[in-house]
Amino acid sequence: MASSSSTYRSSSSSDGGNPSDSAVTVDERKRKRMLSNRESARRSRMRKQKHVDDLTAQINQLSNDNRQILTSLPVTSELYMKIQAENSVLTAQLAELSTRLESLNEIVDLVTTTNGGGDQIDGCGFDDRTAGINCDGYYDDMMMSGVNHWGGSVYTNQPIMANDINMY
């Protein structure tokens with residue numbers, strides 16, 4: 001660099017200008033360039049430091065997020081297992097109830113086709129909506145006593161309950 005400045009100095013002095021003015025000009029340019037380079041380096045260091053600070057903050061945030069996820073993972077897994085078990089029970093109950101409904105529909109179809117296709121359950125016109133009323137349309141105490149003419153108990157409108165403990 002010194003050789004280029006001396007070359008510049010000698011070329012400017014050959015032009016007939018004052019050699020001391022050209023030396024001052026070259027030194028002034030060197031000084032300005034040096035200050036400019038220092039300022040540029042300072043800005044570069046500041047940008048680099050800001051980038052490092054941003055990355056550090058991002059690391060801290062991601063570490064906190066990761067810690068929260070790891071903390072909630074066992075709870076979420078346990079909840080998932082409970083829901084999966086409940087879903088299995090409900091699926092088994094659905095299968096059982098579907099089988100029972102199919103069986104009951106077959107019984108209703110059998111009784112309906114046996115009685116000529118009407119809504120009658122027996123020859124007198126009884127169904128679960130008219131239990132206790134005889135074929136003449138009058139209330140019959142004997143039917144509501146809990147025993148029907150087949151010798152079994154009359155339980156009308158009893159729900160079919162699914163039992164998840166004893167399936168069959």
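Predicted model: local features only at pLDDT ≥ 70, side-chain atom pairs only at ≥ 80, totals over all residues.
Select Lys 50 and Asp 54. They sit four residues apart in helix H2, so about one helical turn separates them. Colour the pair by accessibility: Lys 50 is exposed at 52% relative accessible area, while Asp 54 is partly exposed at 42%.

Go next to Glu 39 and Arg 42. Here the closest N and O atoms of the salt bridge are 2.3 Å apart. These two are three residues apart in helix H2, again about one turn. Glu 39 is partly exposed at 32% relative accessibility, and Arg 42 is partly exposed at 36%. Glu 39, Arg 42 and Arg 43 form a network of salt bridges.

Now pick Glu 28 and Arg 31. Their salt bridge brings N and O atoms to 2.6 Å. Both residues lie in helix H2, three residues apart. Arg 31 is partly exposed at 40%, and Glu 28 is partly exposed at 30%. By the rule used, the count of salt bridges comes to six.

Stay here and select Arg 29, Lys 30, Lys 32 and Arg 33. What do they form? A positive surface patch. Arg 29 belongs to helix H2, which covers residues 19–114, and is partly exposed at 47%.

Finally, zoom out and show the whole chain. It has three helices and zero strands. Of its 168 residues, 8% count as buried.

Conventions:
Residues numbered from 1 in each chain as written. Heavy atoms only, no water. Patch = residues over 30% accessible without salt bridge, like charges linked within 9 Å, V, L, I, M, F, W, Y side chains within 5 Å. Areas by Shrake-Rupley, 256 points an atom, 1.4 Å probe, with all protein chains shown as cover. Salt bridge = Lys/Arg side-chain N within 4 Å of Asp/Glu carboxyl O. Lys, Arg positive; Asp, Glu negative; His and termini not counted. Charge placed at Lys NZ, Arg CZ, Asp CG, Glu CD. Buried < 20%, exposed > 50% of the residue type's maximum accessible area, 1.4 Å probe, protein only.
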